[in-house]
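This report goes through backbone geometry, aromatic contacts, nonpolar cores and the chain interface in turn. The sequence and structure come first.

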Amino acid sequence: MINYFAGVDIGSTMTKVVIYGEGIRAMIIGPTGPEHRKLANKVMEEALIQAHLKFEDLSYIIATGYGRINVPFADRQVTEITCHAKGLHSLLPTVKTVVDIGGQDSKGIKIKDGRVVSFVMNDKCAAGTGRFIEIMADSLGVPLNDMGRLSLTADKPAMISSTCTVFAEHEVTNQLSGGETLPNLVAGIHESVATRVASLVKKLNIEPDVAITGGGAKNIGLVKALEKKLGCPVLIPPEPLITGALGAAILAKEIFEKYTKEGQVPERSKSGLQEAKFFD
Amino acid sequence: MAEEKKGRAVATKTAASIPKFVRGNLAATLKAKEEGKKVAYAYIADGQDEIMRAMDIVPAWGESFAGVCAAKRDAEKYLQKAESDNFSRSLCTYATCTIGFDMVREELGGGAVPDAPWGGMGRPDMILGSAQLLCDPRFKWPQATQHYLRDVPVFVGSMYYPPFDPKMDHHEQEKFYVKYATEELRECVKFCEKHTGKKMDWDRLAQIVELSDRTWDLFIDTYELRKAFPTPMDTGDAMNTMVPLTFNLGTQEAYDFYKQLYDELQQKIANGEGVADPEKYRLIWAAGLPSWFALGDFQYFNSKGAVFPVEVTYRGCEKIERLELPKTNDPLEHIAWRWVRYWTHWYDKARKRPGSLPKVERIIEYIEEYKCDGVVFHSAFSCRSWHAGIIHQAETLKKVYREIPILILEGDIVDISSYNEADTHNRIDAFIEAVDSYKKRMN
Ligand code: SF4
């Protein structure tokens, strides 16, 4: 009989669920709303449908990400640092350094045999995160998904010197009205984010292979800029958004198996998959 | 309006008496005038404590007052005041907080400041700076203060120690540094004599220095009790219990405080009482001043089973016998030797491990002796002396020692705008997971 496990990753902008058995059985990505608990509930339901499973079929569930404490049906909470490392190691075992560029933070993780050796996080300033690109895309009127492709056509990336997101927004619109081309500006925006992320991650003493995860990995312009700043190629996992949820599901499996090996049953959450109220 | 936060619960009863010490120190500066005593603005680890005590000068410690303002989350008004006169937010916030306070007090005529945390500090009669090798604020802060207290005389001494160079034998150089430091202290005495109108009582000074030495010894004996499993006291308390050593050195109260703490820790060890139950992880606070407004984070660590049996911060002393101080009858020369050797006594060890540094050797020594599983640094952005070298220390530690988990917390000592509790706790959670997996790997 196959046991199934779930990882729920509530990030600042996206919620991800992975159901794992002998391999990935289902994965769902949905936007994170203000009511994390309700949404987790809904995304989990979708994942179960995709996996042709019932909630009762799940042997252990781990929640991760910023909203991890808002998943009442999770059996345990683990930080996204540990889960990213675990998930990425299962996908790309040669990777020693992970750069995660999320919607509202960015981080670097050094891993050894799937375990976290050290990490750094930028959760203080939007300038080195996906949010910076989002805001700039908005003020330039470029769809977010087109930013990466557009930047590849730049001939000379513009210099964005302001660190502050609000001032950078001014700077970008000023440069645009001054005649700078859109591709050069977009490439400059990516370079600006890549510079900040690289200086953050360099604190870790980067070792190859390096991989990128999170929403930032879906932006080819940002990936290229990061490769330039780090001075090495950067690997992208097949689905860079789900590494945290995947790691959580694998960890759920490991914990469950450790208990059963010792003839024990891990403690489970009392809450079923029913809809939860946010502030109950 | 200050956002008062419930104080951090302390693990030891003795630490609970610290607010009385701090309040007492502040009150003494306000009462000094009535008692016909002089008040001096003073700065920690200045080597001048004993001179002040011997001359009945009441020290007003800016760092202590700024820490109180921060702990009460009531520093913003002073930071803003200083900022209004173009002091940058990135300057040392101990300095800008007290300068802001000075500006307010001067505007009110120099007397007591009505809404100052714990009454504030009394107006000084002199400013006794001591720059040492710490940072630029230690030079400029006293001078910038005088800008607002024009009639108050300033003395800024310097007690340097030989910088570490792995290729150089510092033993040869030490005596020159000691000579220089002794002369600086002598100048300080002359300055104090001039502005108090009293002569130094050298016998009294010698007795006070001898009491300080005993306090240093007792402090270390007490803190070394924390090696016990489970540790009876952690850094959360040590950020309080440092007060007598740091601000009351050379007084009987300071000595008595550590005697009481020593007895309490011994009792706790006998009862098997720890800080966390169960104690799962032992950490070292390897560098950095704490965020005074967020001392509750130590309890957050404790709630995860993590304790800090040792810290580098505010452990500003060593067992006197370990320093092998040359004999001298001059109390000032003794202070100078004690200061220089406090720093250099890690140099020989550091030289033996290629690529190491004295500060890193100290961390390694503590990791080994206190059996630590992880290392925490706090990078307080406005404190350049600690902040600047932290990443280098962390990297060196990993290189010359081992891949021990390291957490670098980011914040400030006073400026609460640098802090976000949820993110800090998220980092702590991730770090504890890394320590857990490290421990499993090591086992
Ligand atoms: S910068 Fe740091 S060491 Fe220097 S005075 Fe300020 S707090 Fe003290």
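In which loop of chain B does Pro278(B) lie? Pro278(B) is found in the loop between helix 11 (252-271) and strand 5 (281-287) of chain B. The model is a predicted one, and every value below is computed from it.

## Backbone geometry

The bond between Asp277(B) and Pro278(B) is a cis peptide bond, with omega at about -5°. A cis peptide bond also runs from Phe229(B) to Pro230(B), where omega is near -10°. Pro230(B) has its place in the loop between helix 8 and helix 9 (235-241) of chain B.

| Residue | Phi |
|---|---|
| Ala45(B) | near 50° |
| Arg73(B) | about 50° |
| Lys371(B) | about 55° |

Ala45(B) sits in the loop that runs between strand 1 and helix 2 (49-54) of chain B. Its relative accessibility is 37%, so Ala45(B) counts as partly exposed. Lys371(B) belongs to the loop between helix 16 (358-370) and strand 7 (374-380) of chain B, and with 48% relative accessibility Lys371(B) is likewise classed as partly exposed.

Helix 3 (residues 62-71) is mostly covered, with 9 of its 10 residues buried. Among the buried residues of helix 3 are Glu63(B), Phe65(B), Val68(B) and Cys69(B).

Lys33(B) is another loop residue, placed between helix 1 (18-31) and strand 1 (38-42) of chain B. Lys33(B) is partly exposed because its relative accessibility is 49%. Residues up to four places away in sequence aside, Lys33(B) touches Arg123(B) and Asp125(B).

## Aromatic contacts

A pair of aromatic rings is described by the distance of the centres and the angle of the planes. How many aromatic pairs does a search of the whole structure find? Over all chains, the search finds 28 aromatic pairs. In the pair of Phe298(B) and Phe308(B), the ring centres are 5.5 Å apart and the planes stand at 80°; this angle is over 60°, so the pair is edge-to-face. Phe298(B) is part of helix 12 (residues 296-303) of chain B and Phe308(B) is part of strand 6 (residues 306-311) of chain B, so the pair ties together parts that are 10 residues apart in sequence. Phe298(B) and Phe308(B) are both buried.

Tyr342(B) and Trp346(B) also make an edge-to-face pair, at 6.4 Å centre to centre and 85° between the planes. Both Tyr342(B) and Trp346(B) are buried. These two residues belong to a cluster linked by ring pairs, together with Tyr161(B), Trp216(B), Trp339(B) and Trp343(B).

Charged side chains also lie over ring faces. Arg338(B) is over the face of Trp216(B), at 4.8 Å from the ring centre. Lys227(B) is over the face of Tyr370(B), at 5.5 Å from the ring centre.

In soluble globular proteins, nonpolar side chains tend to be buried together. The largest nonpolar core here has 137 residues, and Tyr94(B) and Phe301(B) have the most contacts inside it. Helix 8 (residues 202-224) of chain B gives the most to this core, namely 9 residues. With neighbours within four places in sequence left aside, the contacts of Phe301(B) include Leu283(B), Phe308(B), Val376(B), Leu407(B), Ile428(B) and Phe431(B). A second, separate core has 35 residues, including Met136(A), Leu185(A), Val223(A) and Ala225(A).

## Interface of chain A and chain B

How many residues does the contact take from chain B and from chain A? The contact takes 19 residues from chain B and 18 residues from chain A. The two chains, B and A, bury about 1,800 Å² between them, and 47% of this area is on carbon and sulfur atoms. The rule finds 1 salt bridge across the interface of chain B and chain A. A salt bridge joins the side chains of Arg68(A) and Asp429(B), at 2.8 Å from N to O.

Methods:
Residues numbered from 1 in each chain as written. Chains lettered and ligands numbered in written order. Predicted model: local features only at pLDDT ≥ 70, side-chain atom pairs only at ≥ 80, totals over all residues. Heavy atoms only, no water. Phe/Tyr/Trp six-rings, centres within 6.5 Å; stacked < 30°, edge-to-face > 60°. Helix = DSSP H or I, 4+ residues; strand = E, 2+ residues; numbered from the N terminus. Buried < 20%, exposed > 50% of the residue type's maximum accessible area, 1.4 Å probe, protein only. Lys NZ or Arg CZ within 6 Å of the ring centre and 35° of its normal. Core = buried A, V, L, I, M, F, W, Y, C linked by side-chain atoms within 4.5 Å. Contact = heavy atoms within 4.5 Å. Buried area = accessible area lost by both parts, 1.4 Å probe. Salt bridge = Lys/Arg side-chain N within 4 Å of Asp/Glu carboxyl O.
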